[in-house]
Amino acid sequence: MSLATYEPPWLRTVDIGDEIRGLAAWWGRPQRLRRALAAYHDLLAVTPASIAYAFTLFVTWWTLRGASDIVGRRLILSASTNLRNMQRDPIQVLVASAFWTDGGFPWSHILILLTLMALAERWLGSLRWILVVACGHVGATWLTVLGIAHKMDKHLIPLRVALASDVGPSYGISAILGVLAFRLRGRARLIWAAGLLIYYAFEVWHGRTFTDYGHFFALVIGLLLGLIAVAASHRLVALQRRKALARAHSAAPESAPPQPEAVPNQVEPVPSRAEAVPKRTEPVSTRIEPGANPT
């Protein structure tokens, strides 16, 4: 596909009403379970990043399950993005913390990765999906750590918060949820974004933990990324159209110079009937009459 016909995925929106009507028509057809499994298989076939992320979470959970409580706790604390680890080795903990989960089997994270996150990856593509997840995870972590450092300098929170565990894919998932608002069209986009903001703001007000603040920051980062990407996509499409018009104008043949007006031929007067008939001329006689005196 050439650049002139390229359409950014950020502009490929769907109408929620059309989707609901299509789902209702799909539900009325026979063999629903078989078709649902086939559609889910087709979805996972084009979302390798979501599958790899979910599989990694399963592997790390299995590793913690096979280790003792002390070893598991040390693994979690070593990968946590708390203030102490971020001061010592920020890059390592930023990467490692996204692939560990603290607690039991991460059912909710894996199911979300294999449904909503897979839908987002099919829409955006794997590379853009990874960039959004990374921006949400890294950005929300840095904002949270800076807030913790500021509160500790003011002696507003206890020192044990600097050693708390903070791992998991929730920051990246929150950023993707924010970006998914721009998959919808019209009023549904506003309802989705407003609903997420209200829910995450309530969690901050109710829980008031640094993890709740991180989720809210990640959601805002996802919304901002969507706004920037949509605006840039509109500019790209407008630039493509201007270039296409310029190429069409330059390829058009130059207008031919104006030809002088044709001068009508002068019509010769038609001779009259009398003039048209040639006059008979009498031949001059050269015969000499007898008795004439020739001169």
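Predicted model: local features only at pLDDT ≥ 70, side-chain atom pairs only at ≥ 80, totals over all residues.
Where is Thr144 found? Thr144 is found in helix α9, and I'll come back to that residue in a minute.

First, some housekeeping. Residues are numbered from 1 along each chain as its sequence is written, and side-chain values use heavy atoms, with hydrogens and water left out.

Okay, the overall picture. The protein has 13 helices and zero strands; helices here are DSSP runs of H or I with at least four residues, strands are E runs of at least two, and both are numbered from the N terminus. Of the 295 residues, 32% count as buried. By buried I mean under 20% relative accessible area, with exposed being over 50% and partly exposed in between, using a 1.4 Å probe and protein chains only. The accessible surface comes to about 20400 Å², and 65% of that belongs to carbon and sulfur atoms. Those areas are Shrake-Rupley with a 1.4 Å probe, and for residues only the protein chains shown count as cover. As for contacts, meaning heavy atoms within 4.5 Å, take those with a separation of 6 or more: residues 24 or more positions apart account for 80% of them.

Now back to α9. This helix covers residues 126-153, which is 28 residues, and reaches 40 Å from its first C-alpha to its last, close to the 40 Å expected. The expected span is 1.5 Å times one less than the number of residues. Its buried residues include Trp129, Gly136, His137, Thr141, Ile148 and Met152. Thr144 is on that list too, and it counts as buried because its relative accessible area is 5%. What does Thr144 touch, leaving aside its neighbours within four places in sequence? It is in contact with Tyr171, Phe210, Tyr213, Gly214 and Phe217.

On to α11, residues 187-207. Its 21 residues should span 30 Å at 1.5 Å a residue, and the end C-alpha atoms are 30 Å apart, which agrees. Which of its residues are buried? Ala188, Ala193, Leu196, Tyr200 and Val204. Looking down the axis of α11, these buried residues fall within an arc of 140°, so they line one face of the helix. That arc is taken over the directions from the helix axis to the C-beta atoms. As a reminder, an α-helix has 3.6 residues a turn, so residues three or four places apart point the same way. The cover over the buried residues of α11 includes α1 (16-27), α10 (170-179) and α12 (210-251). On the face turned away from the buried side you get the exposed residues Arg187, Leu190, Ile191, Ile198, Trp205 and His206. And α11 is followed by Arg208, again a residue with positive phi, near 60°.

Next, salt bridges. The rule is a side-chain nitrogen of Lys or Arg within 4 Å of a carboxyl oxygen of Asp or Glu, and by it the count comes to two. One pairs Arg21 with Asp18, with the closest N and O atoms 2.3 Å apart. Both sit in helix α1, three residues apart, about one turn of the helix. Arg21 counts as exposed because its relative accessibility is 54%, while Asp18 is partly exposed at 42%.

The other bridge joins Asp102 and Arg73, with the closest N and O atoms 3.3 Å apart. Asp102 lies in the loop between α6 (90-96) and α7 (107-113) and Arg73 in helix α4 (residues 69-79), so the pair ties together parts that are 29 residues apart in sequence. Asp102 is partly exposed at 44%, and Arg73 is partly exposed at 40%.

Last stop, the surface. Phe55, Phe58, Val59 and Trp62 make a nonpolar patch of about 410 Å². Patches use residues with over 30% relative accessible area and no salt bridge; like charges are joined within 9 Å, and nonpolar side chains (Val, Leu, Ile, Met, Phe, Trp, Tyr) within 5 Å. Phe58 is found in helix α3, residues 48-66, and is partly exposed at 31%.
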